[in-house]
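Take a look at the model below.

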Amino acid sequence: MSTKYDVVVIGGGPAGYVCAIRAAQLGLSVACIERYRNPEGKAVLGGTCLNVGCIPSKTLLDSSQKYAEVATGLERHGIAVSGVKLDVPAMLARKDAIVKQLTGGIAALFKANGVTPLFGTGKLLAGRKVEFTDAEGAPQVLEADHVVLATGSQPIDIPVAPVDDKLIVNSTGALTIDKVPKRLGIIGAGVIGLELGSVWKRLGAEVVLLEALDVFLSIMDQQIAREARKVLVAQGLDIRMGCRVTGTTPGRSKVEVTYLESDGTERKETFDKLIVCVGRRPNTRDLLAPDSGVNLDERGLVFVDDSCATNAPGVWAVGDIVRGPMLAHKGSEEGVMVAERIAGQKTQMNYAVIPNVIYTHPEVAAVGLTEEQLKQSGESYKVGMFPFAANARALAADAGGGLVKLLVHADTDRVLGCHVIGPSAAELVQQAAIAMEFGTSAEDLGMMVFAHPTFSEALHEAALAVNGHAIHVANRRPRKK
Ligand code: FAD
Ligand code: NAD
């Protein structure tokens, strides 16, 4: 095994493995170090996203949505269903099989592209050297022209609710719960809380979310966030805002949670399971030798510039360990940018156009600026909205709730942001992202031909509504702010 590579990537998640593959495509010799072992003890690639994040959570979201529809949602379509049975272990087995298929796929892609996987732990030393320690604990020093740090993140622990993997779990443990808890508590009503809360609510649990902030989904456009809260509460999620958890007392089969409401009132709740999902922290501990020359920022993230270069020459960092949203696709695009820059190209990523999606039902998705951000910036903007209640495809699909909201520059008419709650919100927002990437105006979008009947027509109509031309709703006078 060679110990000298053009590129050594530490971390085989979506940021690291994509970087490794792209660098190999560009003719560079690449090794990718990964330390994760799956519950069967097998070393696998794919990182948080494939093993304990995006993919297993979406698999459970899809399975649970099918169950909820069959169990309670088909009568109005004239379909009577009886004898529906839930088999949680089978649901988990399907999830595990998909994870296995996808992680195995990355191994095959490494082989096809000539990337060397090294299973063990990596640590950056001075002078672009990497200490690689394999599973048996044998250390070896690798040399590289370029090192890419891509070690990702892990759930934040809070002392008042220590994870015991029995009654109190984090997002990883929450993906392996093998029977529906009667009462499920969740600390943190963020993305994971809402997605996993939805899974277990659909499967029959009573779900209570305890959120510290008073503002729901504070980083989302607040009009969409308010709509999302209404919909999720109507689905039965008990979302309690302004709650500060002060302690947890695990018993034999239940855990008692004590928390303070905003006005200082102390409350207690008892749950069969408690999920702690209050954010994630970067995996930078033990990654850097003291003389590695790489600086962390004030939040413990690796400090990088716009092209993901650290302050140490030839050392780059991508994904969850650097600034920006902790999203798989953001890390992957950073991985591509870094690989191409290492190969001498001038690739730059557009951080203003990164879509994000909450995979509840309906989905909540966004790209670009929110109305709150526009107000704060003082930028003059116009708004176009269209409700799915007036979209034929949505009504046919029994998905007539929610809306598309498009924010455009008041003078140039260019799309600045798009916020959607409703059917296929993720796909609609991606269309807006493409429009933004190419500097499209609302007028351009309004002039395009959209297939009928589609959910996408709601985006078309929102673009028309910006300038008061929507056809299938009564137009308000264009709002210029
Ligand atoms: P990771 O995926 O965390 O990969 C880093 C890898 O580095 C890990 O495999 C780790 O084992 C390895 N590593 C760490 N230290 C070392 C070391 N010293 N040596 C060797 N290897 C090391 N994002 C989305 O965009 N969409 C979603 O739907 C979504 N859903 C999510 C659901 C859940 C439940 C969770 C927890 C996260 C979700 N995310 C989602 C976030 C997404 O998973 C992360 O943003 C993404 O995985 C980050 O990619 P990464 O490559 O930076 O890090
Ligand atoms: P999050 O930041 O989305 O939500 C955490 C929530 O917990 C916040 O609302 C926060 O105010 C609250 N909180 C923090 N401390 C608290 C406390 N002590 N008590 C009560 N509430 C508290 O984080 P997450 O849900 O843990 O997810 C982590 C990250 O993973 C996300 O930020 C996102 O980047 C990524 N992720 C993405 C997706 C997706 O793209 N669909 C899905 C899951 C996770």
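## The shell around ligand 2

In what follows, Ala, Val, Leu, Ile, Met, Phe, Trp, Tyr, Cys and Pro count as nonpolar; Asp, Glu, Lys and Arg count as charged; the others, Gly among them, count as polar. This is a predicted model.

Ligand 2 is surrounded by 19 residues. The closest are Glu195, Glu211, Gly279, Met326 and Val357. By type, the shell holds twelve nonpolar, three polar and four charged residues. Helix α6 (residues 191-202) gives the most to this shell, with three residues.

## Polar contacts of ligand 2

The side chain of glutamate 195 places an N or O atom 2.8 Å from a nitrogen atom of ligand 2. Backbone atoms take part too. A polar backbone atom of glycine 279 lies 2.8 Å from an oxygen atom of the ligand. For valine 191, a backbone N or O atom is 3.1 Å from a ligand oxygen atom. On its own, ligand 2 has 840 Å² of accessible area, and the protein covers 74% of that.

## Asparagine 391

Asparagine 391 sits in the loop between β19 (381-387) and α10 (392-396). Is asparagine 391 buried or exposed? Its relative accessibility is 2%, so it counts as buried.

A polar atom of the asparagine 391 side chain lies 2.8 Å from the backbone nitrogen of alanine 394. Beyond its neighbours within four places in sequence, asparagine 391 contacts Phe386, Thr454, Phe455, Glu457 and Ala458. Proline 453 is 62 residues away along the chain, yet the two C-alpha atoms are separated by 8.0 Å.

## A hairpin

Strands β11 (residues 244-250) and β12 (residues 255-260) run antiparallel, joined by six bridges. They form a hairpin with four residues between them. Threonine 249 has glutamate 256 in β12 as its bridge partner.

Methods. Residues numbered from 1 in each chain as written. Chains lettered and ligands numbered in written order. Predicted model: local features only at pLDDT ≥ 70, side-chain atom pairs only at ≥ 80, totals over all residues. Heavy atoms only, no water. Helix = DSSP H or I, 4+ residues; strand = E, 2+ residues; numbered from the N terminus. Buried < 20%, exposed > 50% of the residue type's maximum accessible area, 1.4 Å probe, protein only. Contact = heavy atoms within 4.5 Å. Polar contact = N/O pair within 3.5 Å; in protein donor to acceptor, adjacent residues only side chain to side chain. Pairing = 2+ DSSP bridges. Near = heavy atom within 4 Å. Areas by Shrake-Rupley, 256 points an atom, 1.4 Å probe, with all protein chains shown as cover.
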